[in-house]
Amino acid sequence: FITAAHCLEGDETFVAVGGITKASERGQTLIVTDYQIHPRYDAKSLQNDIAIARLYYGVDQAAEWGKFIGKYPAIPQNDKKFRKDMRLFGWGDKQNGRTSSVVTSVPQTEYKREAKEAFDFINEATMLGAGFKYKTENLYAGACYGDSGGPLIANESTSPTLIGLVSYGSAKGCDVKKPTVYTRVAYYKKWIETAKQEFARNWLSRGIKPGTNPSNFSLPVFSTRFLYSEK
């Protein structure tokens, strides 16, 4: 799976939860065997804010991405032609600051000039500024607390396309006069493929074969307990 680098930095052990659209479903909790943070990730500027990880078991493929069911988003060679119909999906807070018990989404429009004016450092090769603008209020709906690393998906092609990952927004919070900044995944496609090949070599050298029958376990609904992967 792909996420933002700032979601994985630090020495904490973590697990991945997938195959879930409602908090009450609890999902499928899966062990992470390998992960890589981009080698040029800069925690200060959030340049190269991307990471990739490999699971021992595959995620339940019944996940729904917009109008496409059971299809994981593809990564394009160039994302420019896919930027007309983008949606952000996430588990973060809603724009009113309240927590949602279901996955939420919001359409996003690219705001290149506004993002460059709002933030000190925007690299257009690796970053994308987008939001849903309430023109009468001059505010942008976009990513909120808890959405980091979440996907910006384009639905206009025959299959869903992964355009970006939530990187950062305004320090003043959500629903503000600044768009959300996303990591452009297409720029990192070659690095992603190289990392996947390295994961595969690591598995072979350790004699590991991918699992096919995951044993699921769940935490209580809305639990704040942290469960280490070895448990």
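Q: What makes β2 and strand β3 (residues 28-37) a pair?
A: β2 and β3 share four bridges in the antiparallel sense, and strands pair if DSSP finds at least two bridges between them, so the label applies. Within this pairing, Val17 has Thr29 in β3 as its bridge partner. The strands themselves, like the helices, are DSSP runs numbered from the N terminus (E, at least two residues, for strands; H or I, at least four, for helices).

Q: How are the residues numbered, and what kind of model is this?
A: Residue numbers start from 1 along each chain as its sequence is written. The model is predicted, with local features needing pLDDT of at least 70 and side-chain atom pairs counting only at pLDDT 80 or more, while totals for chains, interfaces and linings use all residues, and side-chain values use heavy atoms, leaving out hydrogens and water.

Q: Why are β1 (2-3) and β2 (15-18) called edge strands?
A: An open sheet of four strands runs in the order β1-β4-β3-β2, with antiparallel pairing. β1 and β2 each pair on one side only.

Q: Which strands does β9 (residues 127-134) pair with, and how do you know?
A: Strand β8 (residues 104-110) is joined to β9 by two bridges, strand β13 (residues 180-184) by four, and strand β10 (residues 139-141) by three. These pairings run antiparallel. Examples of facing residues are Glu110 with its bridge partner Ala130 in β9, Gly129 opposite Val181 in β13, and Lys133 opposite Tyr140 in β10. The hairpin of β9 and β10 has four residues between the strands, and there Asn138 takes a positive phi near 60°.

Q: Why is Ser167 called buried?
A: Ser167 has 5% relative accessibility, and buried means under 20% relative accessible area (exposed is over 50%, partly exposed in between; 1.4 Å probe, protein chains only), so Ser167 counts as buried. Ser167 lies in strand β12 (residues 161-168). Leaving aside neighbours within four places in sequence, its contacts (heavy atoms within 4.5 Å) include His6, Leu46, Asp49 and Val181.

Q: What makes Asp79 and Arg83 a salt bridge?
A: Their closest N and O atoms are 2.8 Å apart. A salt bridge needs a side-chain nitrogen of Lys or Arg within 4 Å of a carboxyl oxygen of Asp or Glu, so the pair qualifies. Both Asp79 and Arg83 are buried.

Q: Why are Glu193 and Lys196 separated by about one helical turn?
A: They are three residues apart in helix α2 (residues 189-206), which means about one helical turn between them. Glu193 is partly exposed at 33% relative accessibility, and Lys196 is partly exposed at 41%.

Q: How many salt bridges does the structure hold?
A: The structure holds eight salt bridges.
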